[in-house]
Amino acid sequence: AGSTGPKTREGNTPMFTMNDLLEIAIKLEKNGETLYRDSVEKIETEDLKSMLAWMADEEAVHGKWFTELKETLSLETAEARLKKMVPQALQEMMGDKTLSLDDIDFSRFTRLSQLLETFIGFEEDTIQFYELFELFIEDDAVLTGLRTIILEEKNHVETLNDMMAALPEDAV
């Protein structure tokens, strides 16, 4: 018989602590908010500035949701010993997706399309992480909230793709 729950190690102890997953989600949202707010300062196109400010606000709301969720959950003592396993396990699951904005060098972007492609990649990596995160959620209300955020992140990708399609020839 197959298991329908998350993979476990050492009996029934989850591979990831909920605390670890929430910490990563909070960091992702803060990274996204920072990226979009910093970009607003560096971009001259008013439509793009407005869209990026809206996306930064969305990321802030998502970060607040994850922070509030984390505050309502208690970290069990048994979970603490698993913290050292999480970084390697996540790396295996996510591959070369760093979920970090540290490598972004805005000075190398010569066209708006390059910047938009970077944003799309970030949003897609975030969606991939949240879809993995879904596997560890058992609470229906939390799962509904996470799925709402996933849909909003997918909307961000769609919005960015629309902006890319609307760019003038010389910006592509």
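This section describes the confidence, helix geometry and salt bridges of a predicted model.

Residues are numbered from 1 along each chain as its sequence is written, and side-chain values use heavy atoms, with hydrogens and water left out. Local features need pLDDT of at least 70 and side-chain atom pairs count only at pLDDT 80 or more, whereas totals for chains, interfaces and linings use all residues.

The mean pLDDT (the predictor's confidence in each residue, from 0 to 100) is 77 for the chain, and 69% of the residues score at least 70. Helices (DSSP runs of H or I, at least four residues) and strands (runs of E, at least two) are numbered from the N terminus. Confidence is lowest in strand β1 (residues 8-9), with a mean of 42, and highest in helix α6 (residues 140-166), with 92. Values stay under 50 over residues 1-14, where the model has 14 contacts (heavy atoms within 4.5 Å) beyond four places in sequence. Residues 76-82 also stay under 50, with nine such contacts.

Helix α6 has 27 residues and spans 39 Å from its first C-alpha to its last, close to the 39 Å expected at 1.5 Å a residue; the expected span is 1.5 Å times one less than the number of residues. The N-terminal end of α6 is capped by Asp139, a side-chain oxygen of which lies 3.0 Å from the backbone nitrogen of Ala141.

Six salt bridges are counted, each a side-chain nitrogen of Lys or Arg within 4 Å of a carboxyl oxygen of Asp or Glu. One of them joins Asp57 and Arg37 at 2.8 Å, N to O. This pair links distant parts of the chain, with Asp57 in helix α2 (residues 46-72) and Arg37 in helix α1, 20 residues apart. Glu33, Arg37 and Asp57 are linked in a network of salt bridges.

Within helix α2, Glu68 and Lys64 pair at 3.1 Å, N to O; they are separated by about one helical turn because they are four residues apart. Lys64 is exposed, at 54% relative accessible area, and Glu68 is partly exposed, at 37% (buried is under 20%, exposed over 50%, partly exposed in between, with a 1.4 Å probe and protein chains only).

Lys154 bridges to Glu131, with the closest N and O atoms 3.3 Å apart. Lys154 lies in α6 and Glu131 in helix α5 (residues 112-134), so the pair ties together parts 23 residues apart in sequence.

Glu29, in helix α1 (residues 18-42), is buried yet has no salt bridge; the nearest side chain of opposite charge, Arg37, is 11 Å away.

Technical notes: Polar contact = N/O pair within 3.5 Å; in protein donor to acceptor, adjacent residues only side chain to side chain. Lys, Arg positive; Asp, Glu negative; His and termini not counted.
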